[in-house]
Amino acid sequence: MASAGGSWGRYPRAEQRLIALSDRKASLPHFDGTALPHGNGRSYGDSCLNPGGSLLLSRGLDRHIDFEPECGIVECEAGMLLSELLDLVVPQGWFVPVTPGTRLVTLGGAVANDVHGKNHHVAGSFGRHVLGLELLRSDGQRLACGPGNAADWFAATVGGLGLTGLITRVRLQLRRIRGPWLHTQTRRFERLEDFFALSAQSASSEYSVAWIDCLARGSSLGRGVFMQAEHATAMPDRRQHPGHRRLAMPFSPPFSLVNRLSLRAFNTLYFHRAPRRPRQRTVHYEPFFYPLDTVADWNRMYGPRGFLQYQCVIPPADAPAATAELLERIASSRQGSFLVVLKQFGSLPSPGMLSFPRQGTTLALDFPFLGKQTLDLLSRLDGIVATAGGAVYPAKDARMSARMFATSFPRWREFLPFVDPRFSSGLWRRVMGDE
């Protein structure tokens with residue numbers, strides 16, 4: 001079946017043939033040209049698109065294979081969503097070791113993008129907790145690989161953007177918890193320097209993250225709201241579950257609802273609603289980790305042209321100055337979004353050749369797509385990141401150059417022999433050029 005579709009950012013769009021998978025033990029179906037594994041489509045740019053080729057839809061591979069509740073080892077098919085896994089394991093006292101900002105990603109997608117979370121400084125990336133996986137190649141070969149078994153294939157596949165073959169199943173080590181509750185602490189801060197001070201002070205907290213006002217300038221540059229959390233060791237008195245009640249963006253407006261006026265009003269209100277002194281609360285894990293999952297199709301609010309998400313990481317030595325330069329550039333452009341995340345990556349090495357997480361400060365935000373002015377701004381941000389020795393995240397990219405990709409991932413040549421010759425993506429063709 002042919003379809004015109006896009007990524008979660010709704011830019012770019014592509015004509016692709018869709019091939020649904022339902023049996024992990026079956027051979028790959030026939031396809032012409034190239035193919036690309038596709039999970040739940042929550043990547044933002046073109047790393048999950050294969051214009052003119054085929055997408056192998058893996059959501060039908062969503063079965064639970066094995067669970068060892070005494071030690072927290074679980075094995076599932078790669079098309080299972082994190083939400084489905086959490087529904088299985090949380091009642092039995094376990095939690096995923098690392099989670100991104102949405103639970104609506106597949107296990108295979110979490111591996112292929114080596115996702116990170118609010119606890120990278122203590123737990124590293126998702127791939128560090130993968131004990132093994134099965135990889136199905138276009139020639140029919142099946143590879144069982146892990147940190148101690150076919151380790152080179154494992155390193156290529158973790159963070160490998162789906163290019164080494166189809167991940168059919170994943171074996172994962174979970175994290176023990178007492179229940180679904182978190183002890184949280186929230187406070188606002190007045191400038192970027194405060195973020196770095198609070199991050200240092202909260203280094204022992206398992207989860208920490210900051211929201212940044214991307215319009216603030218001058219002495220208020222980098223002001224925001226700092227949040228940290230720990231898994232609760234005891235159940236609170238109020239035990240109700242928030243449920244999966246969801247609002248929805250019912251239609252796509254003819255223009256972006258994220259604009260200069262709405263952005264300034266939201267940022268001012270959100271900042272001033274946060275307390276000056278730390279406010280402690282006990283909350284269910286869902287609103288802390290997945291606030292956007294409560295609004296179905298929230299990506300529609302950016303209108304028909306969609307948006308580009310930009311995420312980078314800056315090494316520690318240059319992080320304060322380069323992050324300030326990035327925020328000043330964004331604020332002066334008067335582009336940006338409500339959804340601006342700043343956090344620290346720790347020193348635990350990521351296992352993949354093309355893994356994005358590495359020690360430093362990471363900034364992520366959305367930009368309503370305004371055409372050339374948005375692309376020019378992101379190119380200028382790339383220049384700041386490259387000068388600081390940083391990297392841009394492919395799972396959230398739709399336009400970085402081949403040079404920026406090579407700067408971000410110096411092991412890319414080492415990765416090339418592991419690419420399945422019949423697998424490709426829009427991003428891969430763009431950043432490889434004529435290679």
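In this predicted model, the sulfur of Cys-145 lies 17 Å from the closest cysteine sulfur, that of Cys-76, which is too far for a bond. A disulfide is a covalent bond between the sulfur atoms of two cysteines. With the cut-off for such a pair set at 2.5 Å, the structure holds 0 disulfides. Cys-145 is also buried, at 3% relative accessibility, and Cys-48 is buried as well, with a relative accessible area of 8%.

Turning to the sheet, 8 strands form an open arrangement in the order S16-S12-S14-S13-S19-S20-S18-S21, with antiparallel pairing. Strand S16 (279–284) and strand S21 (391–392) stand at the edges with a single partner strand each, so one side of each has no neighbour in the sheet. Further in, strand S13 (residues 207–212) pairs with strand S19 (residues 341–345) in the antiparallel sense, over 2 bridges. Here Ala-210 stands opposite Leu-342 of S19.

Helix H5 (residues 192–201) lies across S13, S19, strand S12 (181–189), strand S14 (224–231) and strand S20 (360–368), and runs at about 40° to S19. Helix H8 (residues 319–333) lies across S13, S19, S20 and strand S18 (307–314), and its direction is at about 10° to that of S20. The 15 residues of H8 reach 21 Å from the first C-alpha to the last, close to the 21 Å expected at 1.5 Å a residue. Buried positions in H8 are Ala-319, Ala-322, Thr-323, Leu-326, Leu-327, Ile-330, Ala-331 and Ser-333. An α-helix has 3.6 residues a turn, so residues three or four places apart point the same way. After H8 comes Arg-334, with a positive phi near 60°.

The nonpolar interior comes next. In soluble globular proteins, nonpolar side chains tend to be buried together. The largest nonpolar core in the model has 117 residues, and the members that touch the most others are Leu-85, Phe-95, Phe-126, Leu-363, Phe-405 and Trp-428. Strand S18 supplies the largest share of this core, 6 residues. A second, separate core has 10 residues, among them Leu-21, Phe-31, Ala-35 and Phe-423. Leaving aside residues up to four places away in sequence, Leu-85 touches Val-74, Cys-76, Met-80, Val-96, Leu-107 and Leu-172.

Ser-54 belongs to strand S4 (residues 54–57) and is buried, at 1% relative accessibility. Again not counting residues up to four places away in sequence, Ser-54 touches Arg-17, Ile-19, Phe-31, Asp-32, Thr-34, Ala-35 and Leu-36. Of these contacts, Phe-31 and Ala-35 are among the members of the second core.

Tyr-11 and Pro-12 are joined by a cis peptide bond, with omega about -5°, and Pro-12 sits in the loop between strand S1 (2–6) and strand S2 (13–20). Ala-150 is not a glycine, yet has a positive phi of about 50°. Its place is the loop between strand S9 (142–145) and helix H4 (151–157), where Ala-150 is partly exposed at 29% relative accessibility. Leu-161, likewise not a glycine, has a positive phi of about 60° and lies in the loop between H4 and strand S10 (166–173). With a relative accessible area of 9%, Leu-161 is buried.

Key
Residues numbered from 1 in each chain as written. Predicted model: local features only at pLDDT ≥ 70, side-chain atom pairs only at ≥ 80, totals over all residues. Heavy atoms only, no water. Buried < 20%, exposed > 50% of the residue type's maximum accessible area, 1.4 Å probe, protein only. Pairing = 2+ DSSP bridges. Helix = DSSP H or I, 4+ residues; strand = E, 2+ residues; numbered from the N terminus. Contact = heavy atoms within 4.5 Å. Axes fitted to C-alpha atoms, helices over the stretch in contact; angles between N-to-C directions. Core = buried A, V, L, I, M, F, W, Y, C linked by side-chain atoms within 4.5 Å. Expected span 1.5 Å × (residues − 1).
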